[in-house]
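Subject: Structure for you to look at

Hi,

Here is the structure I promised to pass on. Have a look at it first, then read on for what turned up.

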Amino acid sequence: MSTVPTIALNNGVSIPQLGFGVYQVPPEDTKGATLTALEVGYRHIDTAEMYGNERGVGEALRESGLERSEVFVTSKLNNGFHAHDDAIAAFDESLEVLGFDHLDLFLIHWPLPGIDVDFVETWQALEEIYRSGRAKSIGVSNFQANHLRRLVQETEIVPAVNQIEVHPYLTNDDVRAVNTELGIATEAWSPIAQGLVLDDPVVTGIAKDHDRTPAQVVLRWHIQRGDIVFPKSVTRSRVEENFELFDFELSTADMGLITALNKDERTGPNPDEFNWIP
Ligand code: NAD
């Protein structure tokens with residue numbers, strides 16, 4: 001079984017660089033999919049209140065026989081709960097549904113810059129949660145450079161991570177550079193662009209050279225860039241395939257060819273314009 005490297009967050013907490021994402025896994029399938037991932041060796045699960053499947057993640061962890069401390073679990077504050085008291089209550093609800101007494105990482109899912117609650121207020125609620133010890137780290141998701149700079153200027157705790165869309169068609173290097181400058185780890189969501197990049201001839205060519213699959217090559221590219229990834233699949237063979245990333249290496253030339261595929265193409269919403277509340 002592969003050994004997954006860890007990354008030290010800015011508060012000293014370690015996070016496995018490779019995890020398992022459960023976005024779009026139906027609630028009734030989540031326990032089974034998460035159990036499969038834990039059996040394969042994943043020790044980091046990325047869920048969210050918005051995904052409606054936190055319960056299955058908690059159940060899988062309890063059924064797996066692993067200790068709670070052996071698995072790093074992230075969840076996220078849903079849109080619509082940005083006001084201070086709503087954020088605290090939503091965090092309590094996530095813990096309750098998961099059946100946990102703490103989360104390893106809790107994120108503001110989207111900045112929602114156009115709504116009438118300022119995300120600085122939301123972050124102050126997360127700071128309180130962090131100080132209570134019930135979230136071992138706190139961070140943000142889909143924050144742009146200007147959002148990050150405001151948080152750092154106006155609040156006390158620097159986010160541990162910023163989870164943003166990153167893949168070969170959206171390298172997002174400007175936001176990644178600001179994350180690095182501020183000491184924030186980058187988590188790359190939709191790391192294989194939901195499959196969109198897997199037929200790219202540059203990717204398939206490099207995969208052939210290494211006798212690897214296109215998904216492994218793209219995930220390895222993220223790992224070598226230093227980002228944290230958690231690909232999603234409910235197919236056991238793919239869950240296994242996506243875990244086998246640590247016994248080969250891409251050359252500098254391979255890395256450059258993949259990075260050059262960037263066309264600033266998003267698969268998800270633009271965080272500057274997204275203000276959707278369910
Ligand atoms: P992904 O890039 O991980 O792609 C997932 C899809 O690719 C799967 O549905 C599957 O069809 C396919 N796939 C997976 N492994 C494959 C393989 N080896 N070969 C061929 N096809 C394969 O996309 P994602 O699920 O959107 O993103 C991963 C995780 O990132 C999510 O599960 C979630 O945890 C997180 N995420 C966060 C946000 C956010 O706003 N913070 C948004 C989207 C996703």
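The ligand sits in the largest pocket. Here a molecule counts as sitting in a pocket or cavity if more than half of its atoms lie within 2 Å of its grid points. Bear in mind that this is a predicted model, where local features need pLDDT of at least 70 and side-chain atom pairs count only at pLDDT 80 or more, while totals for chains, interfaces and linings use all residues. Residues are numbered from 1 along each chain as its sequence is written, and side-chain values use heavy atoms, with hydrogens and water left out.

A word on how pockets and cavities are found: on a 1 Å grid over the protein atoms alone, a pocket is an open set of points with protein on both sides within 12 Å along at least five of seven lines, and a cavity is a set where a 1.4 Å probe fits but cannot get out; lining residues have an atom within 4 Å of a point. Volume is the space filled by probe spheres set on the points, which are joined across faces, edges and corners.

The largest pocket has a volume of about 730 Å³. It is lined by 33 residues, and Y23, Q24, S190, Q194 and K232 are the closest to its centre.

Now the ligand itself. Nonpolar means Ala, Val, Leu, Ile, Met, Phe, Trp, Tyr, Cys and Pro, charged means Asp, Glu, Lys and Arg, and the others, Gly among them, are polar.

For S190, an N or O atom of the side chain is 2.7 Å from an oxygen atom of the ligand. With P191 it is a polar backbone atom, 3.3 Å from a ligand oxygen, and a backbone N or O atom of A193 lies 3.4 Å from one. On its own the ligand exposes 830 Å², and the protein buries 89% of that (Shrake-Rupley method, 1.4 Å probe).

Elsewhere, the second largest pocket holds about 160 Å³ of space. Its lining has 2 nonpolar, 4 polar and 4 charged residues, including D173, D174 and R266.

Finally, there is 1 cavity of 30 Å³ or more. The largest cavity has about 40 Å³ of space, and among the residues lining it are N142, W189 and P271. R266 is in that lining and also lines the second largest pocket.

Cheers

Terms used
A polar contact is a pair of N or O atoms within 3.5 Å; within protein, one must be able to donate a hydrogen and the other to accept it, and residues adjacent in sequence count only if both atoms are side-chain atoms.
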